[in-house]
Amino acid sequence: YKVLEAANYPMEQLEMIAVRGDRAHYKQGPNNEEAGLDIHRVPTFILYQNDKEIGRIVESPITSIEADLLQILNGDYTPKYPIVGEVSSLLRTSGTKAIKGRKAKKLVAAWQDKVASKYHLNTYAIVLNSAENKAQAIAVMALNTQFFPKEASTFENLAKLQEQAGHQKDALKNYKAAIQLAPDSEKAKSGIARLSE
């Protein structure tokens with residue numbers, strides 16, 4: 001607010017939407033105002049010019065609010081978590097098929113060195129799942145297992161979403177993949193026990 005006031009920004013053009021943090025409505029506004037905006041971390045500052053998004057600051061600025069805003073206005077800014085923006089764009093334009101099979105392999109090859117943490121896509125998948133986009137959530141979580149094939153938790157999280165969606169065979173397969181990576185995983189053990197009954 002101080003930066004906007006110092007810049008004499010017309011405050012009537014500022015809109016702030018609070019989102020919920022509980023799992024059932026994760027990152028959702030009270031009236032789904034966030035729908036279609038790909039809010040996966042908060043705060044997210046979205047900048048528009050002539051009703052078109054020109055950039056966003058996600059979670060925290062890279063340098064500072066002022067420097068990041070200037071870079072956005074100059075058209076020279078890459079936000080945090082760019083993989084989420086890329087995957088989101090692919091889902092919007094082509095659906096889940098754009099991040100499966102050979103296309104997923106190409107995407108992973110192109111982005112492998114740019115995805116620093118398994119949590120980038122994991123959080124996005126949780127947001128999609130909470131918004132009832134189950135197929136997209138599962139596809140994103142499956143893609144995350146390709147980015148982090150040695151992380152048991154990526155397979156556990158995928159299996160959990162699959163189990164919730166009623167895809168028991170797929171869920172069991174991924175819980176077993178998690179056990180291969182982490183034999184002591186209680187999450188995977190209990191998932192296997194549930195699905196084997």
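Me: A crossing is left-handed if the near helix is turned anticlockwise from the far one by less than a right angle, and right-handed if clockwise. Which hand does the crossing of helix 3 and helix 6 have?

Reply: This is a predicted model, where local features need pLDDT of at least 70, side-chain atom pairs count only at pLDDT 80 or more, and totals for chains, interfaces and linings use all residues. Numbering starts from 1 along each chain as its sequence is written, and side-chain values use heavy atoms, without hydrogens and water. Helices are DSSP runs (H or I, at least four residues) numbered from the N terminus. Helix 3 (residues 82–94) crosses helix 6 (residues 134–147) at roughly 135°, and the crossing is right-handed.

Me: Which residues of helix 6 make the contact with helix 3?

Reply: The axes of the two helices come within 12 Å. Helix 3 brings Ile-83, Val-87 and Leu-91 to the contact (heavy atoms within 4.5 Å). Their partners on helix 6 are Gln-136, Val-140, Leu-143 and Phe-147.

Me: At what angle do the axes of helix 8 and helix 9 cross?

Reply: The crossing of helix 8 and helix 9 is left-handed. Contact residues include Leu-172 and Tyr-175 of helix 8 and Ile-192 and Leu-195 of helix 9. The axes come within 9 Å, and they cross at roughly 145°.

Conventions
Axes fitted to C-alpha atoms, helices over the stretch in contact; angles between N-to-C directions.
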